[in-house]
Amino acid sequence: DELLDLYSDYLICSFGQATATGLGQVVDGSVSHDRITRSLNSTRRTGADLWRIVKPLVRKMQSEDGVMVIDDTVAEKPYSDENDLVCWHYDHTSGKTVKGIGLMTALYHNPHIGDTGMSLPVEFQLIEKTESHVNPKDGKTQRRSKQTKNERYRQMLKQARDNRIPFTYVLNDVWFASAENMNYVKHDLKKEFVMPLKTNRKLALSADDKRQGIYVRVDEMQIDANTVWAQLVYLE
């Protein structure tokens, strides 16, 4: 709706702290901060809501050569009280655990529009940690989600297929490069993928090597720098 668009534009343009009161001041009181707060609290937004908004736009820009990019991020909230949504997550970019809101997104990209292509978000999931478990390493009680990120990864791709979004490739970072995810993309979705591998992953360079159990770590393979290397390999 118009109020949601206004608030979204305000968040995008804000350089400092963004609040409902701040938006009310920006629009000279034409929209009260109470109205903004009530709107934000009235309905829980989901990926389905996002899809209803972007569907007409996706239909205009979609392509059979489209690319689906799955990623996760953490919006840090160091001063907020901890709860199921604002909790501790491992942040791959900083290499440490941070307090904030965990989020997974699906970004659809058509590379044939303009010089750099066109992209639209088509799905998101907020990662709520509603369960407690004891970490066997240190014996401390921690929060965890009912679903793993890899389960969410496959769920989001299935939703994209069910929404009849045409795409050929799935792209993601190393944290989603599991054999199960690769098999799901290749065999269940009948799509292709581009995924980096961790340096400690082991590969067999031929079917014979696989049968004999001969595997080599990625970081021990003899590949010249700045070269394109393509070969059929088998993950351990």
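This is a predicted model: local features need pLDDT of at least 70, side-chain atom pairs count only at pLDDT 80 or more; totals for chains, interfaces and linings use all residues.
Local features are given only where pLDDT is at least 70 and side-chain atom pairs only at pLDDT 80 or more, whereas totals for chains, interfaces and linings use all residues. Residues are numbered from 1 along each chain as its sequence is written, and side-chain values use heavy atoms, with hydrogens and water left out.

**View 1. Helix 1 (residues 2-13) and its buried face.** Helices (H or I, at least four residues) and strands (E, at least two) are DSSP runs, numbered from the N terminus. The end C-alpha atoms of helix 1 are 17 Å apart, which agrees with the 16 Å that its 12 residues should span at 1.5 Å a residue, the expected span being 1.5 Å times one less than the number of residues. Its buried residues (under 20% relative accessible area, 1.4 Å probe, protein chains only) are L3, Y7 and Y10. Seen down the helix axis, these fall within an arc of 55°, so they line one face; the arc is that of the directions from the axis to the C-beta atoms. The face turned away carries E2, I12 and C13, which are exposed, that is, over 50%.

View 2. Q125 is buried, with a relative accessible area of 11%. Its side chain is joined to that of R152 by a polar contact of 2.7 Å, where such a contact is a pair of N or O atoms within 3.5 Å, one able to donate a hydrogen and the other to accept it.

**View 3. The hairpin of strand 5 and strand 6.** Strand 5 (residues 131-134) and strand 6 (residues 141-144) pair in the antiparallel sense over four bridges, pairing requiring at least two bridges found by DSSP. E131 stands opposite R144 in strand 6, and G139 in the turn has a positive phi of about 75°.
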